[in-house]
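Please look over the sequence and the structure shown here, and then follow the explanation below.

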Amino acid sequence: MEVFCVDDTEFHLGKITKVIEQACAAKGISDCEIVQCCDGKDFLNKVSGKLPVLVTLDINMPNMDGLSTLVRYRHLNPAAKILMVSSENEAVVQRLASEHHKVDEKKKQMLLSSVISRVKSGEVVPGKINSVLEAVASLGMDPLKVARENGASDIVKKPFDVEKAVFTVTRYLK
Amino acid sequence: MEKGSVEEFIGYFDKNDLENRFLQIENALTQNKEEKKELVTAMFRTIHSLKGTTAILKIELLNKFLHQYEDALGVISKNINSLVGVKKLEVFDFFLQGLDLVERVSLALFEDQEMVIKNNKELFNFYIKVIVGARELVMHQDQYFEFVDIDEDLF
């Protein structure tokens, strides 16, 4: 059984790995292999041909951010269980940023959908936004809400409350 | 926290490089140059990594500050596609002061790993001033930067 953990920060990768290990122990799972990845591209390379039981995704990452990875991997594996790992401040900073965006909600959704379609198919168009996180930030949208609307199974908050995080993860481990 | 951890962080923290990069960002943002996005994204990643490093090395005081600093820088990086100018140039003084603060706090911690910042009055006042500056920037972004409606062709 494989669990993939994706985070660009070694520290947080170590923390979420420990959470997964504790969750597996709690469920009596002894054959769990945890694969660590440093960003979305690394994850998509390593997960190719595999069917992990669970994936954890950091949101802010270089090369390929967590929202883009979510959208792309959900397209490749519709049945995947994917937990987003998010800093508590993410939504707050974004809400403050959104106060000067004058695009209405319907238009924002439409513009975001264009980017999501491109990312799903793996298309990169020069001169356009090719990152879901960048699109969300540019439109002043809530990244966690977008994650939920695009297939995130759940959200785990950083800094980790280990007990809460383990409880959340055990719900998604078979 | 150990002295070795702070020493490691000091070796990792290149203040001169970061100052030069902020000056490039100031230039790029005030003149709305094309390279603004690349410069700001790279800086955001550097600060994000520094923050992560302080977490790994368990330097809590710096980690807490760098969270605030990253949020302030996030105002620029998250809005880079609609940010076309700078209304108050002193906003860059804030970012440079933040780097001064990181240097001064890390040197103080190197001398005394158990340092309680409240006992060092001048440094504490500086710490508070910069933290308040970070929050002010996040809460009142429109006062510091010129934003326009997003270019829909980017999507």
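Leu83(A) stands opposite Asp154(A) in β5(A). That strand, residues 154–158, pairs in the parallel sense with β4(A), residues 82–87, over 5 bridges, where pairing requires at least two DSSP bridges between two strands and a strand is a DSSP run of E with at least two residues, a helix one of H or I with at least four, numbered from the N terminus. In β5(A), 4 of the 5 residues are buried, that is, under 20% relative accessible area with a 1.4 Å probe on protein chains only.

This is a predicted model, in which local features need pLDDT of at least 70 and side-chain atom pairs pLDDT 80 or more, while totals for chains, interfaces and linings use all residues. Residues are numbered from 1 along each chain as written, chains are lettered from A and ligands numbered from 1 in the order written, and side-chain values use heavy atoms, without hydrogens and water.

Beyond its neighbours within four places in sequence, Leu29(B) is in contact (heavy atoms within 4.5 Å) with residues including Ile76(B), Phe92(B) and Phe145(B).

Note on methods:
Buried means under 20% relative accessible area, exposed over 50%, partly exposed in between (1.4 Å probe, protein chains only).
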